[in-house]
Amino acid sequence: MSDHLTASARAETADVRRFWEGLGLPGLVDVHTHFMPERVLRKVWAYFDALGPLTGGVEWPITYRQEESERAELLREFGVRAFTAMLYPHKPGMARWLNGWAVDFARRTPGCLHTSTLFPEPGAESLVRDAVEAGARVFKAHVQVGAYDPADALLDGAWGVLAEAGVPVVIHCGSGPAPGTYTGPEPIARVLARHPRLRLIVAHLGMSEYEDFLDLAERCTEVRLDTTMAFTDFAERMAPFPRRALPRLADLGDRILLGTDFPNIPYPYLHQLHALERLGLGPAWLRAVCHDNAAGLFGLRENESGSERGNESGSGAVG
Ligand SMILES: [Zn+2]
């Protein structure tokens with residue numbers, strides 16, 4: 001274990017590892033972690049510190065403010081085999097720059113699944129095609145921060161490229177913790193009507209419209225949901241998950257993926273794992289959600305990390 005870690009990080013690391021070892025897993029796969037250019041991340045943190053609209057006016061003390069390399073190292077110490085670098089533009093002309101940064105970040109960061117983003121602007125389709133050709137394995141779209149209609153005609157070609165390539169898109173399209181003009185299940189359902197094979201991963205389990213997004217996943221077999229912040233004490237205070245929908249979570253167990261929002265979370269990483277465990281859906285469900293579903297989706301083999309590409313998703317064998 002690295003000697004850079006503080007005593008409390010060391011203790012948390014041991015607890016996180018005990019969690020997945022106890023399930024008999026080779027580690028975790030976390031599809032929703034944020035890494036972005038330093039000055040963008042600082043702005044995001046300042047926004048949370050100032051209780052911006054996205055926090056719904058709630059106190060949001062960010063737990064992991066270490067330097068970038070230490071944050072990535074901490075994930076690896078937790079045993080997160082593969083994680084993403086969720087980044088997103090809030091205006092036109094920004095996506096290409098972010099994607100350029102993300103290529104470099106994925107290259108220099110073991111465990112990172114090369115992540116890209118998009119925005120409704122002229123050239124969106126070719127930008128997405130370039131990113132896929134550069135090896136992007138997952139995209140992030142943020143309907144609330146970007147304040148755009150995901151069914152905007154400017155994105156139609158981009159969704160088509162992603163559907164065809166089978167590259168998943170983590171999309172923040174629910175109305176929690178704060179609604180936007182185009183959040184909620186309806187705009188994204190229009191996208192899926194046009195692109196039924198699009199592999200959307202609905203962030204935050206669709207918070208706060210949990211049941212509407214479960215409906216969507218039940219209707220569209222390529223729709224998945226990530227657990228980011230869902231079921232934590234923090235989220236349950238703001239947007240409680242309806243207990244009556246628990247059996248539906250069990251039934252969709254092969255399409256629910258661990259996500260956490262690390263590092264921008266107001267509680268320790270371990271709490272997200274305990275929040276899933278206390279749902280009482282059992283070890284087989286936890287194994288699928290915390291590792292196997294995403295490992296399958298991204299074609300990770302037993303002994304590789306997110307930076308390497310397995311056979312299922314394309315290029316040749318690595319290591
Ligand atoms: Zn997030």
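Author: Two strands pair if DSSP finds at least two bridges between them. Helices (H or I, at least four residues) and strands (E, at least two) are DSSP runs, numbered from the N terminus. This is a predicted model, in which local features need pLDDT of at least 70 and side-chain atom pairs count only at pLDDT 80 or more, while totals for chains, interfaces and linings use all residues. Residues are numbered from 1 along each chain as its sequence is written.

Reader: What makes E3 and E4 a pair?

Author: E3 and strand E4 (residues 138-142) are joined in the parallel sense over 3 bridges, and the criterion is at least two. Within this pair, Thr117 stands opposite Lys140 in E4.

Reader: Which strands make up the open sheet, and in what order?

Author: The order is E3-E4-E5-E6-E7-E8, an open sheet of 6 strands with parallel pairing. Strand E3 (115-117) and E8 are called edge strands because each pairs on one side only. E4 and E5 run parallel and are joined by 4 bridges, with Lys140 opposite Val170 in E5. E5 in turn pairs with strand E6 (residues 200-202) in the parallel sense, over 3 bridges, and here Val169 stands opposite Leu200 in E6.

Reader: Why is Leu214 called buried?

Author: A residue is buried if 20 or more other C-beta atoms lie within 10 Å of its own, exposed if 12 or fewer, and partly exposed in between, with C-beta atoms placed from the backbone. Leu214 has 23 C-beta neighbours inside 10 Å, and therefore counts as buried. Leu214 lies in helix H9 (residues 210-219). Leaving aside neighbours within four places in sequence, Leu214 is in contact (C-beta atoms, placed from the backbone, within 7 Å) with Ala245, Arg248 and Leu252.

Reader: Which way do the residues of E5 point?

Author: Val169 and Ile171 point one way from strand E5 (residues 169-172), Val170 and His172 point the other way, and all are buried. Leaving aside neighbours within four places in sequence, the contacts of Ile171 include Ala141, Ile188 and Val202.

Reader: What defines the largest nonpolar core, and which residues touch the most other members?

Author: A nonpolar core is a set of buried Ala, Val, Leu, Ile, Met, Phe, Trp, Tyr and Cys residues joined through C-beta atoms within 7 Å. Of the 90 residues in the largest such core, Leu118, Leu162, Ile171, Ile201 and Val202 touch the most other members. H13 gives the most to this core, with 7 residues.

Reader: Why are the buried residues of H1 said to line one face?

Author: The buried residues of H1 are Ala9, Glu12, Thr13, Val16, Phe19 and Trp20. Seen down the axis of H1, they fall within an arc of 120°, so they line one face of the helix; the arc is that of the directions from the helix axis to the C-beta atoms. On the other side of H1, Ala7, Arg18, Glu21 and Gly22 are exposed.

Conventions: Contact = placed C-beta atoms within 7 Å.
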